[in-house]
Amino acid sequence: MSSEKTIPSAALALGAAGVIPFLACTAGLAAGFAVPGIGSGARLSQALIVYGVAILSFLGGVRWGIAIGYESEAAQRRDFIIAVVPALIGWAAALLAPGAALWTLCVAFVLLGLLDYGLYCREVAPEWYGRLRLGLSAAVAVLLGVAAATA
(Lines give C-alpha, C1' and ligand atoms only; values in the text may rest on other atoms or scores of the structure.)
Protein backbone atom coordinates (compact mmCIF):
# COMPACT_ATOMS: atom_id res chain seq x y z
CA MET A 1 0.00 0.00 0.00
CA SER A 2 1.34 3.44 -0.84
CA SER A 3 1.87 6.15 1.74
CA GLU A 4 -0.95 8.03 -0.01
CA LYS A 5 -3.36 5.30 1.10
CA THR A 6 -1.89 4.20 4.42
CA ILE A 7 -3.16 6.15 7.41
CA PRO A 8 -0.11 7.14 9.48
CA SER A 9 -0.18 5.30 12.80
CA ALA A 10 0.05 8.55 14.80
CA ALA A 11 -2.91 10.08 12.94
CA LEU A 12 -4.96 6.90 13.43
CA ALA A 13 -4.10 6.56 17.12
CA LEU A 14 -4.66 10.22 17.93
CA GLY A 15 -7.84 10.36 15.86
CA ALA A 16 -9.20 7.30 17.67
CA ALA A 17 -8.16 8.77 21.02
CA GLY A 18 -10.09 11.90 20.10
CA VAL A 19 -13.27 9.82 19.92
CA ILE A 20 -12.87 8.62 23.52
CA PRO A 21 -14.45 11.73 25.15
CA PHE A 22 -17.42 11.43 22.76
CA LEU A 23 -17.76 7.75 23.69
CA ALA A 24 -17.35 8.29 27.45
CA CYS A 25 -19.84 11.15 27.63
CA THR A 26 -22.38 9.40 25.41
CA ALA A 27 -22.09 6.16 27.38
CA GLY A 28 -22.55 8.10 30.60
CA LEU A 29 -25.64 9.85 29.28
CA ALA A 30 -27.17 6.68 27.82
CA ALA A 31 -26.51 4.61 30.94
CA GLY A 32 -27.29 7.38 33.40
CA PHE A 33 -23.97 7.22 35.23
CA ALA A 34 -21.30 9.77 35.99
CA VAL A 35 -17.98 10.06 34.19
CA PRO A 36 -15.12 10.65 36.65
CA GLY A 37 -14.04 14.28 36.64
CA ILE A 38 -17.12 15.41 34.71
CA GLY A 39 -20.24 14.20 36.45
CA SER A 40 -23.59 13.15 35.05
CA GLY A 41 -26.75 14.52 33.45
CA ALA A 42 -26.64 18.14 32.35
CA ARG A 43 -22.96 18.43 33.25
CA LEU A 44 -22.15 15.47 30.99
CA SER A 45 -24.17 16.97 28.12
CA GLN A 46 -22.34 20.25 28.59
CA ALA A 47 -18.96 18.50 28.50
CA LEU A 48 -19.93 16.69 25.30
CA ILE A 49 -21.11 19.90 23.64
CA VAL A 50 -17.98 21.83 24.62
CA TYR A 51 -15.74 19.04 23.36
CA GLY A 52 -17.70 18.84 20.10
CA VAL A 53 -17.29 22.59 19.57
CA ALA A 54 -13.55 22.31 20.24
CA ILE A 55 -13.11 19.48 17.74
CA LEU A 56 -15.21 21.24 15.08
CA SER A 57 -13.01 24.31 15.51
CA PHE A 58 -9.87 22.17 15.24
CA LEU A 59 -11.12 20.58 12.01
CA GLY A 60 -11.83 24.04 10.60
CA GLY A 61 -8.24 24.94 11.39
CA VAL A 62 -6.99 21.87 9.52
CA ARG A 63 -8.97 22.99 6.49
CA TRP A 64 -7.54 26.50 6.77
CA GLY A 65 -4.05 25.03 6.84
CA ILE A 66 -4.69 23.01 3.70
CA ALA A 67 -6.14 26.05 1.91
CA ILE A 68 -2.96 28.05 2.59
CA GLY A 69 -1.20 25.89 0.00
CA TYR A 70 -3.67 26.49 -2.84
CA GLU A 71 -2.49 28.29 -5.93
CA SER A 72 -6.01 29.30 -6.96
CA GLU A 73 -7.15 32.39 -5.08
CA ALA A 74 -10.81 31.48 -5.67
CA ALA A 75 -10.35 27.97 -4.25
CA GLN A 76 -8.37 29.41 -1.35
CA ARG A 77 -11.09 31.96 -0.54
CA ARG A 78 -13.78 29.24 -0.72
CA ASP A 79 -11.94 26.96 1.67
CA PHE A 80 -11.01 29.80 4.03
CA ILE A 81 -14.74 30.52 4.30
CA ILE A 82 -15.57 26.84 4.79
CA ALA A 83 -12.83 26.67 7.44
CA VAL A 84 -14.47 29.24 9.73
CA VAL A 85 -18.00 27.84 9.43
CA PRO A 86 -17.48 24.84 11.79
CA ALA A 87 -16.45 27.12 14.67
CA LEU A 88 -19.44 29.38 14.06
CA ILE A 89 -21.85 26.44 13.92
CA GLY A 90 -20.30 25.01 17.08
CA TRP A 91 -20.61 28.35 18.88
CA ALA A 92 -24.25 28.67 17.82
CA ALA A 93 -24.92 25.08 18.91
CA ALA A 94 -23.47 25.80 22.34
CA LEU A 95 -26.18 28.43 22.83
CA LEU A 96 -28.99 25.93 22.22
CA ALA A 97 -30.71 23.53 24.60
CA PRO A 98 -28.65 20.33 25.04
CA GLY A 99 -30.71 18.11 22.73
CA ALA A 100 -30.76 20.67 19.92
CA ALA A 101 -27.07 21.42 20.43
CA LEU A 102 -26.14 17.74 20.15
CA TRP A 103 -28.24 17.24 17.00
CA THR A 104 -26.68 20.36 15.47
CA LEU A 105 -23.19 19.07 16.21
CA CYS A 106 -24.14 15.65 14.82
CA VAL A 107 -25.19 17.16 11.49
CA ALA A 108 -22.15 19.45 11.42
CA PHE A 109 -19.78 16.49 11.83
CA VAL A 110 -21.48 14.56 9.03
CA LEU A 111 -21.31 17.52 6.65
CA LEU A 112 -17.73 18.41 7.55
CA GLY A 113 -16.64 14.79 7.19
CA LEU A 114 -18.08 14.72 3.68
CA LEU A 115 -16.50 18.06 2.82
CA ASP A 116 -13.16 16.87 4.14
CA TYR A 117 -13.40 13.68 2.09
CA GLY A 118 -13.87 16.05 -0.84
CA LEU A 119 -10.36 17.37 -0.15
CA TYR A 120 -9.04 13.97 -1.19
CA CYS A 121 -11.41 13.87 -4.19
CA ARG A 122 -10.05 17.25 -5.30
CA GLU A 123 -6.53 15.89 -4.79
CA VAL A 124 -5.51 18.50 -2.22
CA ALA A 125 -5.23 15.99 0.64
CA PRO A 126 -4.01 12.39 0.65
CA GLU A 127 -6.46 9.52 0.33
CA TRP A 128 -5.76 8.40 3.88
CA TYR A 129 -6.97 11.76 5.21
CA GLY A 130 -10.28 11.43 3.42
CA ARG A 131 -10.80 7.90 4.72
CA LEU A 132 -9.75 8.85 8.25
CA ARG A 133 -12.13 11.81 8.30
CA LEU A 134 -15.06 9.73 7.04
CA GLY A 135 -14.50 7.05 9.66
CA LEU A 136 -14.00 9.41 12.56
CA SER A 137 -16.91 11.63 11.49
CA ALA A 138 -19.20 8.61 11.24
CA ALA A 139 -18.23 7.43 14.73
CA VAL A 140 -18.66 10.89 16.23
CA ALA A 141 -21.99 11.47 14.45
CA VAL A 142 -23.40 8.18 15.72
CA LEU A 143 -22.29 8.96 19.27
CA LEU A 144 -23.70 12.51 19.13
CA GLY A 145 -26.98 11.15 17.72
CA VAL A 146 -27.26 8.65 20.58
CA ALA A 147 -26.47 11.39 23.08
CA ALA A 148 -29.02 13.74 21.50
CA ALA A 149 -31.68 11.03 21.62
CA THR A 150 -31.06 10.55 25.35
CA ALA A 151 -30.72 14.25 26.23
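Tutor: A disulfide is a pair of cysteine sulfur atoms within 2.5 Å. Please note that this is a predicted model, in which local features need pLDDT of at least 70, side-chain atom pairs count only at pLDDT 80 or more, and totals for chains, interfaces and linings use all residues. Residues are numbered from 1 along each chain as its sequence is written, and side-chain values use heavy atoms, with hydrogens and water left out.

Student: How many disulfides does the rule give?

Tutor: The count is zero disulfides. C25, for example, is in no disulfide, and the nearest cysteine sulfur, that of C106, is 15 Å away.

Student: Is C25 buried or exposed?

Tutor: C25 is buried, at 3% relative accessibility. Buried means under 20% relative accessible area, exposed means over 50%, and partly exposed lies in between (1.4 Å probe, protein chains only).

Student: And what about C121?

Tutor: C121 has a relative accessible area of 48%, so this residue counts as partly exposed.

Student: Now the aromatics. How many aromatic pairs are there?

Tutor: There are five aromatic pairs. Rings of Phe, Tyr and Trp (its six-membered ring) pair if their centres lie within 6.5 Å; planes under 30 degrees apart count as stacked, over 60 as edge-to-face and the rest as tilted. W64 and F80 form a stacked pair, with 4.3 Å centre to centre and 25° between the planes.

Student: Which parts does that pair tie together?

Tutor: W64 lies in helix α2 (residues 41-68) and F80 in helix α3 (residues 73-94), so the pair joins parts 16 residues apart in sequence. Helices (H or I, at least four residues) are DSSP runs, numbered from the N terminus. W64 is partly exposed at 37% relative accessibility, and F80 is partly exposed at 22%.

Student: Which residues form an aromatic cluster?

Tutor: F22, Y51 and F109 form one aromatic cluster.

Student: On to helix packing. How do α1 and α5 cross?

Tutor: The axes of helix α1 (residues 9-31) and α5 come within 8 Å and cross at roughly 10°. The two helices are therefore roughly parallel. Axes are lines fitted to C-alpha atoms, for helices over the stretch in contact, and angles run from 0 to 180 degrees between N-to-C directions. Angles under 35 degrees count as roughly parallel, over 145 as roughly antiparallel, 65 to 115 as roughly perpendicular and the rest as oblique.

Student: And α2 with α5?

Tutor: Their axes come within 12 Å and cross at roughly 160°, so α2 is roughly antiparallel to α5.
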